[in-house]
Amino acid sequence: QVQLVESGGGLVQAGGSLRVSCAVSGRTFTSLIMGWFRQAPGKEREFVSAIRRSGDRTYYADSVKGRFTISRDNAKNTVYLQMNSLKPEDTAVYYCAAGAVSWPTGPYNYWGQGTQVTVSS
């Protein structure tokens with residue numbers, strides 16, 4: 001069974017930065033396309049970013065392009081989302097996802113429990 005554990009969420013002021021991480025176990029990490037999604041209160045979950053198995057290609061939602069960077073460390077079985085120039089509208093629960101059936105937005109087979117990111121104005 002694949003397990004995904006997110007960490008690194010928290011409270012940050014607008015314009016600040018935060019990095020969330022997702023540690024993966026239970027399956028060969030390099031076989032997995034990884035993604036990040038988010039869900040704000042009262043809204044549907046939305047795609048944020050994805051990275052291919054070797055890390056050679058990434059994809060971003062227009063709303064975060066130029067501000068967020070996805071990366072992976074295959075030696076540590078971990079995927080990261082570096083978030084810069086954060087805005088209050090980035091406030092959401094951020095979910096790590098693994099095993100995309102279709103690049104880049106999925107659907108994905110495995111999900112983490114989520115980590116809260118709150119951006120204050």
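Four salt bridges turn up in this predicted model. Arg38 takes part in two of the pairs described here, one with Glu46 and one with Asp90. A further pair joins Lys65 to Asp62.

| Salt bridge | Closest N to O distance |
|---|---|
| Arg38 and Glu46 | 2.5 Å |
| Asp90 and Arg38 | 2.9 Å |

Asp90 and Arg38 are both buried. Lys65 and Asp62 are both exposed.

The Asp90 and Arg38 salt bridge has its closest N and O atoms 2.9 Å apart. This pair links distant parts of the chain. Asp90 lies in the loop between strand 8 and strand 9, Arg38 lies in strand 4, and 52 residues separate them.

Next, the disulfide. How many disulfides does a search of the whole structure find? The search finds one. Cys22 and Cys96 form it, with sulfur atoms 2.1 Å apart. This pair, too, links distant parts of the chain. Cys22 sits in strand 3 and Cys96 in strand 9, 74 residues apart. The torsion about the S-S bond is about -80°, so the disulfide is left-handed. Cys22 is at 0% relative accessibility and so counts as buried. Cys96 also has a relative accessible area of 0%, and is therefore buried.

Four strands make an open sheet in the order 1-3-8-7, with antiparallel pairing. Strand 1 (3-7) and strand 7 stand at the edges. Each has a single partner strand, so one side of each lacks a neighbour in the sheet. From one strand to the next, the twist averages 15°.

The pairings can be taken in sheet order. Strand 1 and strand 3 are antiparallel and share five bridges. In this part of the sheet, Gln3 stands opposite Ser25 of strand 3. Strand 3 (residues 18-25) is joined to strand 8 by six bridges, and the two run antiparallel. Arg19 has Gln82 of strand 8 as its bridge partner. Strand 7 (residues 68-73) pairs with strand 8 over six bridges, in the antiparallel sense. Here Ser71 has Tyr80 of strand 8 as its bridge partner. Strand 7 and strand 8 also form a hairpin, with four residues between them. Asn77, in the turn, has a positive phi of about 55°.

Is strand 8 enclosed or open? Five of the six residues of strand 8 (residues 78-83) are buried, so the strand is largely enclosed by the rest of the structure.

In soluble globular proteins, nonpolar side chains tend to be buried together. The largest nonpolar core in this model has 36 residues. Those with the most contacts inside the core are Met34, Trp36, Val79, Leu81, Met83 and Tyr94. Several elements give two or more residues to this core, including strand 4 (34-39), strand 5 (46-51) and strand 11 (115-120). Strand 9 gives the largest share, six residues.

Which residues does Leu81 contact, leaving aside its neighbours within four places in sequence? Among them are Leu18, Val20, Trp36, Val48, Phe68, Ile70 and Tyr94. Arg19, Ser49 and Thr69 are also in contact with Leu81.

Technical notes. Residues numbered from 1 in each chain as written. Predicted model: local features only at pLDDT ≥ 70, side-chain atom pairs only at ≥ 80, totals over all residues. Heavy atoms only, no water. Buried < 20%, exposed > 50% of the residue type's maximum accessible area, 1.4 Å probe, protein only. Pairing = 2+ DSSP bridges. Axes fitted to C-alpha atoms, helices over the stretch in contact; angles between N-to-C directions. Core = buried A, V, L, I, M, F, W, Y, C linked by side-chain atoms within 4.5 Å. Contact = heavy atoms within 4.5 Å. Disulfide = S-S within 2.5 Å. Salt bridge = Lys/Arg side-chain N within 4 Å of Asp/Glu carboxyl O.
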